[in-house]
Amino acid sequence: MNATATGIPLKEPAVSAVAGDTEQLERAYIDASTRVPVLMFYASAMAWLILGTLLAGFVSFKLHEPDLLSNISFLTWGRVRPAHMNVMVYGWASMAGIGTAIWLMARLCRTVLRYPLLLVAGACLWNLGVFLGIGGILLGDSTGYQWLEFPRYAAIILFVAYTLVASWAVLMFRYRRGEQIYITQWYLLGASLWFPWLYAAGQLMLFAVPVQGVLQTAVGWWYANNLLFLWFGAIALGTAYYMIPKVIGRPVYSYHLATIGFWTYALFSSWTGMQRLIDGPFPAWMITASIAATILTMIPVATVGLNHHMTMQGYFPLMRYSPTLRFTVFGAMSYTVFSVVGLLISLRSVASYVNFTQASVAYSHLGLYAFFTMVIFGSMYYIVPRLVGREWRYASLIKLHFWASAYGIGLMTLMLLVGGFSQGSSMENPTLAFSESVETVLPYLRGRSLAGILLTASHFIFAYHFGLMLLGLGRTSTVPTFLNPVEAETSGGH
Amino acid sequence: MNDEPKSPARIGQGMDYGEQADVQQVHAAVQREKREPRVGAEPLSIWLIAIYGLAIFFAGAYLGRYSGNFSSGGLDPMGAPPPAKKAAGGPAGGEQVAELSPRDRGKKIFAANCQTCHQATGQGVPGQYPPLAGSEFTNGGSRRMGMIVLKGLQGPVKVKGQQYGTAVMQPWDKTLTDQKIADVMTYERSDWGNSASPVTAEQVAALRKELASHPESFTEHDILAAPDEDIPGGGAPAGGAPPKPGEAAKPGQPPKP
């Protein structure tokens, strides 16, 4: 067969019949075309991940050793903590997510990547925006709203960078081939339109034409919570919808479930966020509407969870071999845990205990790490070998990465949740001074630092492995790097 | 099939997107991978629909119960719309509802400061902390009680025939304001079966001025040396006097519309 028959608008390659069917050839072209932009996003994301991890460790230790370097103004808690969060949110998570999204878009639109300069420029500007933003925060220019701390000059650059990437996504979608639009594309397109909505609304209502008084807090929390759902959550769910059926080679269980899951997710998630302000000076119905929406998010959770579970059914043993599948399924399961925990700590009766305690930190980490980051790790294990033409070098490093991440985030969530509950119940107790309620949470914070060390180790391992791949030092082999290679011989492809 | 070694110098040779050379050797990963995902069309399970129904039901019930009647000013999720809006009394009406009676305020202050020793029941702890319920000091004139609360008490003390005093009562004049001391005394003098006259902030202020030169805690001897009378200057005791504005006038009932 001949490549032009599939309509790939490229020069005819020298290989024709040898390489097998045209689908493979098409994929090879597409993968090659995505190499530079995707690796640019991935490599920047890895650098930010390492920086963010170091900052996180520093912040975590500061919570129980408050005097640590506290005489240096830009290393004080009030600056390092937002710096850590913003590095993770905009540096690591967003850039890695965009990297994966680019690759998936190109693959699923079944066309080679067009307008790569948009993406290259987007990546450079995005890095510049994050760099200026973090610098601004450390120098004391923070705006003070969670996840919107970047000063205005950085926010504008970030928005321009994002516009470049999003317009690329829309352009690519126009050039798609094939009639079907796969589920992953729904989520990715959704995310690419929701992010500018959230970001613009947040920036406009807080800084450009600020709303009055306490309403600013409402806008801030709406933004933070929805960034978690509509931006990170949507990318992660879309990725999981691709990776799971792809690796096990079986269709997604049900189209109907996917449709319901997608639309209810979009509809209900955007109403959440205000529940973080329970007992705050807001009309009760505002907060209750958000809680009710959080209850309703159980609908997409049950639907998407069931869809993934039924797709995986009978194929769970493959998680022993495939790194991608192991990370992705861990992340997909964490979506359920994240949502259920989110619902529990939103109900008024529980929230009166855990509101404004470490429990809400646990919730953010569940969403951004256990769910989103684990799915993205999984996708990187799948995508990077296809971009650099090498296989991952050490199965042992992948295993170490997985277990350090899994135990690290598990321990961290547990510590923060239990710590949050104990902190909340001592804050509730009128006979205890406030300072005592802070002391009750100290042992949990030390435990959290321990979990942080595990995560730090896992990130350094992954960064080292990723660096080897970038330098072309991966294995040259036709067999993928399985986690348990001997047993995997018979289990087929990846 | 695809066993020919890949060019080791592929990376870093200035190759770019849309690159041809390496595509010719289709990467093994692409060759072996499964086909692009498809979607099956299994129908919805009845159980899932039941879960949807349940979630919608609970969300609706929650919204109905805690909506505060969807009023723009209702901070209370359980509903009562702020009477201020109806009372046509302007902004002052709203504050009125929020304000607690001196006795209720006193109860909060008691819970935060006194309860640890004197207990929520006002019974104290035998041998250590004297009871407030039925105590002759609590039920007597407000002067003696005020002296104890303001300046504290140390050494042995006899209350209701029992000997106490292994613990020291701390002075509160530095910690609590006149208003708070008046409130907590009013509360203590009216709960647990006690029924003595309420105390006003003016009375406490007068007593505080009187005791200003007394630097340390009293002993039982000092207290018993003082007359068992109400502190003058308040006007609140003995019925007739009109209540001070902002005091005692609002026992927490919502105003009539």
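Now, some ground rules. This is a predicted model, where local features need pLDDT of at least 70, side-chain atom pairs count only at pLDDT 80 or more, and totals for chains, interfaces and linings use all residues. Residues are numbered from 1 along each chain as its sequence is written, while chains are lettered from A and ligands numbered from 1 in the order in which they are written.

How does the predictor score the complex? It gives an ipTM of 0.81 and a pTM of 0.72. Per residue we have pLDDT, the predictor's confidence from 0 to 100. Chain A has a mean pLDDT of 89, with 94% of its residues at 70 or more. Residues 1-19 of chain A are below 50, though, and that stretch has 31 contacts in the model beyond near neighbours in sequence. By contact I mean two residues whose C-beta atoms, placed from the backbone, lie within 7 Å.

Chain B averages 73, and 72% of its residues score at least 70. Residues 1-21 of chain B fall below 50, with 30 contacts beyond near neighbours in sequence. Residues 84-97 of chain B also stay under 50, and there the model has 17 contacts beyond four places in sequence. Where pLDDT is low, the predicted coordinates should not be read in detail.

On to helix packing. Two packed helices are described by the angle between their axes and the distance between the axes. The axes are lines fitted to C-alpha atoms, for helices over the stretch in contact, and the angles run from 0 to 180 degrees between N-to-C directions. Under 35 degrees is roughly parallel, over 145 roughly antiparallel, 65 to 115 roughly perpendicular, and the rest oblique.

Take helix 4 (residues 152-174) and helix 5 (residues 183-208) of chain A: they pack at about 155°, axes 10 Å apart. So helix 4 of chain A and helix 5 of chain A are roughly antiparallel, and the crossing is left-handed. Residues in that contact include Phe159(A) and Tyr162(A) from helix 4, and Phe195(A) and Tyr199(A) from helix 5. By class, the contact has 11 nonpolar, two polar and one charged residues. Here nonpolar is Ala, Val, Leu, Ile, Met, Phe, Trp, Tyr, Cys and Pro, charged is Asp, Glu, Lys and Arg, and the others, Gly among them, are polar.

Still in chain A, helix 10 (residues 323-344) and helix 12 (residues 358-388) pack at about 160°, with axes 7 Å apart. That makes helix 10 of chain A roughly antiparallel to helix 12 of chain A. Their crossing is left-handed, and the contact has 17 nonpolar, seven polar and no charged residues.

What about between the chains? Helix 9 (residues 298-312) of chain A and helix 2 (residues 46-66) of chain B have axes that come within 9 Å and cross at roughly 160°. This crossing is right-handed. Among the residues making the contact are Met298(A) and Leu306(A) on one helix, and Leu48(B) and Tyr52(B) on the other.

Ala284(A) is buried, with 22 other C-beta atoms within 10 Å; the cut-offs are 20 or more for buried, 12 or fewer for exposed, and partly exposed in between, with C-beta atoms placed from the backbone. Beyond four places in sequence, its contacts include Tyr66(B), Gly74(B) and Pro77(B).

Chain B itself has 11 helices and two strands, and 28% of its 257 residues count as buried.

Most residues other than glycine have a negative phi. Asp279(A), not a glycine, has a positive phi of about 75°, and sits in the loop between helix 7 (255-269) and helix 8 of chain A. Lys160(B) has a positive phi near 50°, and lies in the loop between strand 1 (157-159) and strand 2 (162-164) of chain B.

Key. Helix = DSSP H or I, 4+ residues; strand = E, 2+ residues; numbered from the N terminus. Left-handed = near helix turned anticlockwise from the far one by under 90°.
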